Amino acid sequence: MLELRNLDAGYGKVQVLRDLSLHARPGEILCLLGRNGAGKSTLMKSIMGLVRAQAGSIWLDGQRIDQLPAWQVPRLGIGYIPQGRRLFNEMTVAENLQIGLMARRKGADVRENVLNMFPRLRDRLNQRADTLSGGEQQMLATARALCLEPGVLLLDEPTEGLQPSMISLIRAAVVALRKQGVAIVLVEQRVEAVLQVADRVTFVENGQCVLTVTPSELHADESLLHRYVGV
Amino acid sequence: MDFGPHLLLAMLEGLVQASVLTLTALGLSLVFGVMRVVNVAHGEFFMLGAVLAWWITFLVGGPPALAFIVALLVAPLLVGTIAAAADWLVLRRIDYDPERTIVATIGLLYIIQQLTLMSYGPDARPVAPPFNTRLALPWFEFGSGGVQIYWPWGLSITSYKLFVIFAALLTGLALWAVMARSRLGLILRATQQDRETAQAFGVPVERVYALVFGLGAALAALGATLVVPIQQAHYLMGGDPLLLSFIVVIIGGLGSLRGTVVAAILIGMSDGIISVFFSPTLAKMLATLLVAMVLVFRPQGLFGSKPA
C-alpha cells in the first residue's frame, strides 16, 4: 500500500503541497481531481522523489521512501507515466521499453507481456518515439512504465489530447492492471472518465486533499465537481 | 618540394592534429551533451594527461614502449578519476547550475594549472615515443612515359604519427559502439534527453554525471598522452586544446558527437594545412572566423538540433 502522511513539498521556497495525506490500496484506482495548479502533478513527482518532501513522509508497504534518492523509488516497483508522456524522443520504441525493463532488471518475458497489451507497438519497435502518433506515444509511455511490473502505478493525465478509441484502450489497460492487484493513482481532468473507472475520488485543492468520496457519492452530489474542479 | 607532395605532407600533419583534437573535443561534447555543463577546465585535464604521462614514463623507466603503454593506460584513468572526484566534490554540490558550473570550472582550471606548476615546474618535458620509424611516402607523376613513381625528399611520416591516427580512430569507434549499442550508452542517452524521466526509471543520474565528467576528461587525457611524444608536456599547454575544442563543439553542434567528429577533422586538417603553408596564427584566426559565421548563419551548428 502507498501512503502519504502529512506531506509538505514544493520547489525551493515555494511550498505546493501542505499537510497532504492519502493512501492507495492494492487493486484499487484512486483518482485525483482538482483545478489546474492545485498540486496534483507535484504530488505525483513527490511520490517519485523528483520533488523532495519538506515535511511528512511517504510509505510503500511499510517502508519509508521519501528519504531515498529518486532513482531508487522506481526500483521498489512504482511506475510513473508523467504528464505529456516525456518519452525519450530520440530513441526507438524498443530502447524506450529497454529503459523501463532495466529499472527492475526485467527480461524478455515482461516485454512480451507488455507488447501483447499494446500489439501496435510491436510493429513500431525500431521506429523513433517522436515519429509515433499521439495515441501510440501514450501507449509507449504506458508500456514503458509497465515494463517495471509495478505494484503502484502513477498516471498523470494519460488521456490528454487523445482520440476516444485510444482513451478506451488506455482505460481498458488500467482496469486490467487493477484486476492484477496494482494500486493505481490517476490524475485526470475528464470527470466522466474518472467516474467510469475510479474506486475512490480525492479532491485536491491548494496542495491539500480536501475530500475523498466514492463515484456513487459524487454522482449523488455533483455540486462537489463545481466546487473543487470548476465544472 | 613540389606543391603536390607538400600538400600531402600538410594533410598528414593535419590528420594527426585532427585525431588528437577529435578525442579532446569528444570529451568536451560528451560532458556538455549529457550534463549541459560547459567545462572550462577541459584543457587543464588535457594538460594533466600530458604531465602525468611524462611522470609515469619517468617513474616506470625501462624500454620507451613499455613506459609509454603504461602511461597510455594509467594517465587517462588517473585524470578521469580526478575529474569524477571534482564532479562529486564541486559540481554536484552546486546542482549543475549552468552559470555556477562555468565559474566553478574556471576555478578548477586555475587550481589544476597552479598545482601542476608547483609540483611539475615550468619546464616543457618530452616523452620518448614508443617507436618512431620514418616512413618515406611515394608520389605519382604523369609524364610522357606514363605514371612515374618517385620518392620526394622530405615526404615522409613517422610510424608513431600513424599510430596516433589509428588510436584515435579506434577510440572514436569504441565510443560510438558504447553510445549506440550498449546498456551504458542507453543510460547516457536517456540522461542526456531527459534527466528527470531517466531518474523516474531508475537511472542514478548523479553517478552518471560523475562517470561522464570522468570519461570526458579521460578522453582529453588520452589525446594528450598520444600527443606528448610529438609535442612536450608543459603546464600551460591546455589553452589551445580548450579553444580548439570549443570551436569544434560549436561548429559540430553542441552535444552532437557525430558533428564533433566531422568538425574536429575539418578544423584539425585545416589547422594543419594552413599552419604548414602559412602560419599557425592564421589557422586559429580562420577557425575563429568560421565559428563566428556558424553562430550567425547556423547557430545550432552543423549537426545540432534547433532549440524548440
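Trainee: In chain B, what percentage of the contacts with a separation of 6 or more do residues 24 or more positions apart account for?
Mentor: Welcome! This is a predicted model, in which local features need pLDDT of at least 70, side-chain atom pairs count only at pLDDT 80 or more, and totals for chains, interfaces and linings use all residues. Residues are numbered from 1 along each chain as its sequence is written, chains are lettered from A and ligands numbered from 1 in the order in which they are written, and side-chain values use heavy atoms, leaving out hydrogens and water. With contact meaning heavy atoms within 4.5 Å, the share in chain B from residues 24 or more positions apart is 75%.

Trainee: What percentage is it for residues 24 or more positions apart in chain A?
Mentor: The count again takes the contacts with a separation of 6 or more. In chain A, residues 24 or more positions apart account for 68%.

Trainee: How many helices and strands are there in chain B?
Mentor: Helices (H or I, at least four residues) and strands (E, at least two) are DSSP runs, numbered from the N terminus. Counted that way, chain B has 11 helices and four strands.

Trainee: Why is chain B called as compact as a globular protein of that length?
Mentor: The radius of gyration is taken over C-alpha atoms, and the globule rule is 2.2 Å times the number of residues to the power 0.38. For the 308 residues of chain B that rule gives 19 Å, and chain B is as compact as a globular protein of that length because its own value is close to this, at 20 Å.

Trainee: How many helices and strands has chain A, and what is its radius of gyration?
Mentor: Chain A has nine helices and 10 strands. The globule rule gives 17 Å for its 231 residues, and chain A comes close to that, so it too is as compact as a globular protein of its length. Its C-alpha trace spans about 45 × 40 × 30 Å along the principal axes. The radius of gyration of chain A is 17 Å.

Trainee: What percentage of the accessible surface of chain B belongs to carbon and sulfur atoms?
Mentor: Accessible areas come from the Shrake-Rupley method with a 1.4 Å probe, and for residues only the protein chains shown count as cover. The surface of chain B comes to about 14200 Å². Chain A exposes about 9600 Å², with 46% supplied by carbon and sulfur atoms. For chain B, the carbon and sulfur part is 71%.

Trainee: How far apart do the centres of the positive and negative side chains of chain A lie?
Mentor: Lys and Arg count as positive and Asp and Glu as negative, while His and the chain ends are not counted. Each charge is placed at NZ of Lys, CZ of Arg, CG of Asp or CD of Glu. Chain A has 27 positive and 24 negative side chains, and the centres of the two sets are separated by 4 Å.

Trainee: How many residues of H8(B) are buried?
Mentor: Buried means under 20% relative accessible area, exposed over 50%, and partly exposed in between (1.4 Å probe, protein chains only). Helix H8 of chain B covers residues 205-227 and reaches 33 Å from its first C-alpha to its last. Out of its 23 residues, the number buried is 19.

Trainee: Is B:Thr24 buried or exposed?
Mentor: B:Thr24 sits in helix H1 of chain B. Not counting residues up to four places away in sequence, B:Thr24 touches B:His42, B:Phe46, B:Leu219, B:Ala220, B:Pro241 and B:Ser245. With a relative accessible area of 2%, B:Thr24 is buried.

Trainee: What is the relative accessibility of A:Glu188?
Mentor: A:Glu188 is in the loop between strand S8 (183-187) and helix H7 (191-197) of chain A. Its contacts, leaving aside neighbours within four places in sequence, include A:Leu32, A:Pro158 and A:Val194. A:Glu188 counts as buried, because its relative accessibility is 4%.

Trainee: Where does A:Arg105 lie?
Mentor: Phi of A:Arg105 is near 50°, a positive value in a residue other than glycine. A:Arg105 counts as exposed, at 70% relative accessibility. Its place in chain A is the loop between helix H2 (93-103) and helix H3 (108-117).

Note on methods
The expected span of a helix is 1.5 Å times one less than its number of residues.
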